[in-house]
Amino acid sequence: MTTASDAKPIEQGRKLFAGEFRFIWASPSIETLPPMAGVEVAFAGRSNVGKSSLINALTGRNALARTSSTPGRTQELIFFEGPEHSGLRLVDMPGYGYASAPKAKVASWTALIHKYLQGRSNLARVYVLIDARHGLKDVDLDVFKTLDRSAVSYQVVLTKADQVKPAELEQRINDVKASLSTHPAAFPDVLATSSQTAAGIPELRAALVRLLGER
């Protein structure tokens, strides 16, 4: 249920994401990152967790971020610029975990991600996407530790929530919250979303609006 205190940021989020988001940059290495500007928000997650689909749902554009049935398709840091004067950039990060690519390539992506997290002062938050059907895996916990060490604020977003029964989803959220309580850089609230039904998308947009307001 949406409360009065939620209604304003949800409406602000709707207006923000009704504006144009466009691709501006792809960085295969730390040396090729775009100049820092505005507020960056990054999306991380295991390969095939639905990052690109979530970014498309968030921006209301079916093909802004490239989606693929092949895990590990995103091999660079992909930057999207928000509406003029919004000061918001979205960053699609390479998926971690399984990827149909040589180990050396996966290692280079991992190094790129770590360097980006540690050296990007305008990075306001990382949204770590977790498949609601499967919950946390060891590789996710490793990413939490990396973010803790980098002192980067992060929040968990469950994806594909429409494919989980309500009681199971509630348990999944509680389990994730319990795990996050031991991680100093983690934001305590967990968002459950579905790119298919748009469930949770207004709340995620509102969270981004609040984040922009804090910066």
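A search of the whole structure finds 10 salt bridges, a salt bridge being a side-chain nitrogen of Lys or Arg within 4 Å of a carboxyl oxygen of Asp or Glu. The structure is a predicted model, in which local features need pLDDT of at least 70 and side-chain atom pairs count only at pLDDT 80 or more, while totals for chains, interfaces and linings use all residues. Residues are numbered from 1 along each chain as its sequence is written, and side-chain values use heavy atoms, with hydrogens and water left out.

Among these salt bridges is a network that links Glu 40, Glu 81, Arg 89 and Arg 120. Within it, the side chains of Arg 120 and Glu 40 meet at 2.9 Å, N to O. Arg 120 lies in the loop between H3 and E5 and Glu 40 in strand E2, so the pair ties together parts that are 80 residues apart in sequence; helices (H or I, at least four residues) and strands (E, at least two) are DSSP runs, numbered from the N terminus. Arg 120 counts as buried at 8% relative accessibility, and Glu 40 likewise at 0%, where buried means under 20% relative accessible area, exposed over 50% and partly exposed in between (1.4 Å probe, protein chains only).

Arg 89, found in strand E4 (residues 88-92), is also buried, with a relative accessible area of 7%. Its side chain reaches the backbone oxygen of Pro 35 at 3.1 Å. Leaving aside residues up to four places away in sequence, the residues that Arg 89 touches include Ile 24, Pro 34, Val 39, Phe 80 and Arg 120, contact being defined as heavy atoms within 4.5 Å.

A further salt bridge joins Lys 51 and Asp 92, whose closest N and O atoms are 2.9 Å apart. This pair links distant parts of the chain, with Lys 51 in helix H2 (residues 51-59) and Asp 92 in strand E4, 41 residues apart; both residues are buried. By contrast, the salt bridge between Arg 14 and Glu 11, with closest N and O atoms 2.7 Å apart, is formed inside helix H1, where the two residues are 3 residues apart, about one turn of the helix. Arg 14 is partly exposed at a relative accessible area of 45%, as is Glu 11 at 33%.

Aromatic pairs were counted for rings of Phe, Tyr and Trp (its six-membered ring) with centres within 6.5 Å, planes under 30 degrees apart being stacked, over 60 edge-to-face and the rest tilted; the count comes to 5. Phe 17 and Phe 21 form a stacked pair, 4.9 Å centre to centre with 5° between the planes, and the two residues are buried, Phe 17 at 3% and Phe 21 at 2%. The rings of Phe 43 and Tyr 127 have centres 5.7 Å apart and planes at 20°, so this pair is stacked. Phe 43 lies in strand E2 and Tyr 127 in strand E5, so the pair ties together parts that are 84 residues apart in sequence.

Conventions. Polar contact = N/O pair within 3.5 Å; in protein donor to acceptor, adjacent residues only side chain to side chain.
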